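Have the 3D view at hand as you read.

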Amino acid sequence: MNSENTKAQMRKGILEFCILSILKERDYYTSEILEELKKVKLLVVEGTVYPLLTRLKNGDLLTYRWEESNAGPPRKYYKLTEKGELFLGELTETWEELANAVQEITTKNQDNE
């Protein structure tokens with residue numbers, strides 16, 4: 001079994017949650033979102049993030065605005081909607097339950113070795 005594939009699938013599964021969590025802080029444009037993900041070693045390519053942002057926008061979880069930039073073309077800044085904030089709250093609860101369960105199982109199994 002390929003561990004790299006498994007690790008990639010684990011990262012992919014939580015990417016939506018991570019992006020929504022980043023946007024809770026403030027409005028971001030795509031390059032800033034990618035930088036935040038890189039800071040915590042969730043390395044993602046733009047080709048993965050753009051479709052995800054579009055899907056979240058189409059689900060009314062995000063909105064965006066265009067802002068002029070001194071360093072090039074206008075930038076699209078993404079922001080959580082009220083629906084997005086509620087959805088993030090639900091994901092946060094689910095994540096905490098899941099993380100606790102995984103921690104309990106993996107710690108228990110390590111103690112039995």
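The crossing of α1 and α2 is right-handed, meaning that the near helix is turned clockwise from the far one by less than a right angle. Before going on, note that this is a predicted model, where local features need pLDDT of at least 70, side-chain atom pairs count only at pLDDT 80 or more, and totals for chains, interfaces and linings use all residues. Residues are numbered from 1 along each chain as its sequence is written, and side-chain values use heavy atoms, with hydrogens and water left out.

Helices here are DSSP runs (H or I, at least four residues), as are strands (E, at least two), numbered from the N terminus. Two pairs of helices can be set side by side, with axes fitted to C-alpha atoms over the stretch in contact and angles from 0 to 180 degrees between N-to-C directions.

| Pair | Axes come within | Crossing angle |
|---|---|---|
| α1 and α2 (residues 30–39) | 11 Å | roughly 115° |
| α2 and α3 (residues 46–58) | 11 Å | roughly 120° |

α2 passes α3 in a right-handed crossing.

Which residues line the largest pocket? They are Met10, Arg11, Ile14, Trp95, Leu98, Ala99 and Val102. The lining divides into 6 nonpolar residues, no polar and 1 charged. The pocket holds about 220 Å³ of space. A pocket is an open set of points on a 1 Å grid where a 1.4 Å probe fits, with protein on both sides within 12 Å along at least five of seven lines; lining residues have an atom within 4 Å of a point.

Conventions. Points joined across faces, edges and corners; volume = space filled by probe spheres on them. Nonpolar A, V, L, I, M, F, W, Y, C, P; charged D, E, K, R; others polar.
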